[in-house]
2 protein chains.
Amino acid sequence: MIVQKYKDMLKGKSVIRQLSEFATARGKEIGYENVFDYSLGNPSVPVPQKFTDVMIDLISTRDPMELHGYSQSLGIPSVREKTAESLNQRFGMNYTGNHIFMTTGAAGAIAHAVRCVTQPGDEVITFAPYFPEYNPYINLSGAVLKVVPANVEDFQVNFEAFEEMLTEKVMAVLINTPNNPSGIVYTTGTIQKLAGIMQAKEKEYGHDIFLISDEPYREIIFEGTDSPYISKFYKNTLSCYSYSKSLSLPGERIGYVAVNPECTDAEYITNMCGQISRGTGHNCPPSIIQLAVAQVLDLTSDLSVYEKNMNILYKELTSLGFECVKPGGTFYMFPKALEEDAIAFCEKAKKYDLILVPSDTFGVKGYFRLAYCIDTEKVERSLEAFRKFVNTEYR
Amino acid sequence: MIVQKYKDMLKGKSVIRQLSEFATARGKEIGYENVFDYSLGNPSVPVPQKFTDVMIDLISTRDPMELHGYSQSLGIPSVREKTAESLNQRFGMNYTGNHIFMTTGAAGAIAHAVRCVTQPGDEVITFAPYFPEYNPYINLSGAVLKVVPANVEDFQVNFEAFEEMLTEKVMAVLINTPNNPSGIVYTTGTIQKLAGIMQAKEKEYGHDIFLISDEPYREIIFEGTDSPYISKFYKNTLSCYSYSKSLSLPGERIGYVAVNPECTDAEYITNMCGQISRGTGHNCPPSIIQLAVAQVLDLTSDLSVYEKNMNILYKELTSLGFECVKPGGTFYMFPKALEEDAIAFCEKAKKYDLILVPSDTFGVKGYFRLAYCIDTEKVERSLEAFRKFVNTEYR
């Protein structure tokens, strides 16, 4: 019989999807260029031209048997080595190819990392506001996701609540910095304090507590932001990366787990990921995409548009009276709504063709998310809509 | 702490991998062209030129944002529709795009199918000889794989043992035809009888028993072989396909689950696969590969070399006295070893630079597998090695 658990999951409809469907429908009425759709976190700048050139070169010149052949289950060795070298150069780490496990994006990376270090029933802590897909990512692995309430002052870590929730049952802590949805980047101070608490608890409980660091926005950092490389601060770190945002390749499903060379059993973990993969049906990302990405490891798309958009929106929204912690990266911001009920607030915004996501879905009440990965020209046109919205509904 | 279950899996070393490593090492000594490596099931003919042309066209002409953008989690709608149409035309089915769930190859397809229809502890039956990866595929999902002993007479189904093992705890039956490792194709009679037994048991137990049909070799059928489309014979069929073998694209990870439109809850199953995917980190195969494959759905690589190789080997081996059920498809054959202990037999073969896989790993004793997806010229050169091997060791 079909499994009720998965059938039941079909009942709830994603808030973001509903908003996106509304935007599409409204776009058919008034032209999509007139809908200020801030709902979706899809990159809005193209992949670097070099990636395209490399792809054409690979397809035109390589032996197709070799090009499209099976990748080794942990990833193509030369790709893993180049990835390690690039991380070492940029962040002063000591990875070798053996510490890199190639995955189908960050989702695949987290799926493997969590299964490496948790048994069914173990707890994994994350921090609000958080990416709502962490619920299925963690809970469907058999572990249990626990959410530390937000520190709404600056969206850094709520340490008091964290220490209380970091019981003996917690085997992993999942962080996401730069953060979706807040756009906040954890400071060096935050990471040091987090690491210190986790190390103390590891000793107290006599077991490892792994840090699973979800880093798809690592390359989207705004001027003047302190953006520490997480794994440098805590040995038991599994860094989960995706090229979806930095190279604007979300559909091609490519990323990795990078295992800190000093973590417990570091020599086993990527091989364990390979075993886990046999059960989840992952079996490595596409060969051609691995080979192409390995040639553009140190490039990114032109990410400057996101900072430009952020500055325009931050200036306008704060001058309209919104409270907002200024983002340090990503293409999100997370201002406080102008009424307690963020769902009602975002519903009203729709009347002005502003598509905003209420914060409830991210584990916080009373805020909303803007995904400003859209054309700057459209951001600029949206300002008038914000003014109308606020002046009509809240003045 | 890292999970012992996956760490323990690292202890056993795959027999096939060990043989392949031996072949590589021996190749360094005497030249790889002189090692008759029949160990690996990798396609030996290139992808059709049209696929390459389509890839270049997509990369050169499409908007990269669209080309590399997120695929919907069930697959790109136009790709799902084209897949359905192609199957309907070829096999007289009534699929719509909604019955197709795009996956990262057959491994991904089985991972989703088994999770749709089994709870942890439920049993899944398969038939020896069988692909050894079924053990992790099924057992790591939480279900339990049970293996029906082989019918060594013709490698069709051992119905007596099947009926005995088809208890109330069995929620799915997993078949693989054309079969790895035997090369045998289940006849229409076999499928009808299998379906009849399963239908009777469904009634008796009052629950569905799903047929998970693993079909990566579906297009590699030899002359005169009866090769029924499985799903036509049993409503509750989930067909798991991969383009790895038919298009020689194993590294690009593309396949699908096709849900029989008349199966129980057919309208939910692909959507359930989408939910399962959130937990396993799959999140759809690469966009560009989906789009490219959709344009070559009814093509295959030039698969005729496999039949040619099979005929050469079958003639020589049977004339040397091997008992062998003649393959109806795939690029495998499964002769009886010349001594009871197939491992000892294959060990002796190595002295003649013949790399053969003992049958023990496929759940049968006393046979060996040849993967003849190698150049015909090499097959022909290997005949002398077979003659020497047999005449020296067994005459």
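This is a predicted model: local features need pLDDT of at least 70, side-chain atom pairs count only at pLDDT 80 or more; totals for chains, interfaces and linings use all residues.
1. **Secondary structure and size of chain A.** Chain A carries 14 helices and 12 strands. Its radius of gyration is 21 Å, close to the 21 Å that the globule rule gives for 395 residues, so chain A is as compact as a globular protein of that length. Along the principal axes, the C-alpha atoms occupy a box of roughly 60 × 60 × 55 Å.

2. **Burial and contacts in chain A.** Of the 395 residues in chain A, 63% are buried. Take the contacts in this chain with a separation of 6 or more: 75% of them join residues 24 or more positions apart.

3. **Surface and charge of chain A.** The accessible surface is about 14,500 Å². Carbon and sulfur atoms supply 47% of that surface. The chain has 38 positive and 48 negative side chains. The centres of these two sets are 4 Å apart.

4. **Disulfides.** How many disulfides does a search of the whole structure find? The count over all chains is 0.

5. **A cysteine in chain B.** The cut-off for a disulfide is 2.5 Å between the sulfur atoms. C346(B) is buried, with a relative accessible area of 3%.

6. **Cis peptide bonds in chain B.** Two deserve a look. The bond from A128(B) to P129(B) is cis, with omega near -5°. P129(B) sits in the loop that runs between β3 (123-127) and α7 (134-139) of chain B. The bond from T177(B) to P178(B) is cis as well, with omega near -5°. P178(B) belongs to the loop between β5 (170-176) and α9 (188-205) of chain B.

7. **Positive phi at S248(A).** S248(A) is not a glycine, yet its phi is positive, at about 55°. The residue is in the loop between β7 (237-242) and β8 (255-259) of chain A. Is S248(A) buried or exposed? At 3% relative accessibility, S248(A) counts as buried.

8. **Positive phi at D265(B).** D265(B), again not a glycine, has a positive phi of about 55°. Its loop lies between β8 (255-259) and α10 (266-280) of chain B. With 22% relative accessibility, D265(B) counts as partly exposed.

9. **L299(B) and its surroundings.** L299(B) is placed in the loop between α11 (287-293) and α12 (304-319) of chain B. At 35% relative accessibility, L299(B) is partly exposed. Which residues does L299(B) touch, leaving aside those up to four places away in sequence? They are P48(B), K50(B) and L247(B). N271(B) is 28 residues from L299(B) along the chain, and their C-alpha atoms are separated by 28 Å.

Key: Residues are numbered from 1 along each chain as its sequence is written. Chains are lettered from A and ligands numbered from 1 in the order in which they are written. Side-chain values use heavy atoms; hydrogens and water are left out. Buried means under 20% relative accessible area, exposed over 50%, partly exposed in between (1.4 Å probe, protein chains only). Helices (H or I, at least four residues) and strands (E, at least two) are DSSP runs, numbered from the N terminus. The radius of gyration is taken over C-alpha atoms; the globule rule is 2.2 Å times the number of residues to the power 0.38. Contact means heavy atoms within 4.5 Å. Accessible areas come from the Shrake-Rupley method with a 1.4 Å probe; for residues, only the protein chains shown count as cover. Lys and Arg count as positive and Asp and Glu as negative; His and the chain ends are not counted. The place of a charge is taken as NZ of Lys, CZ of Arg, CG of Asp or CD of Glu.
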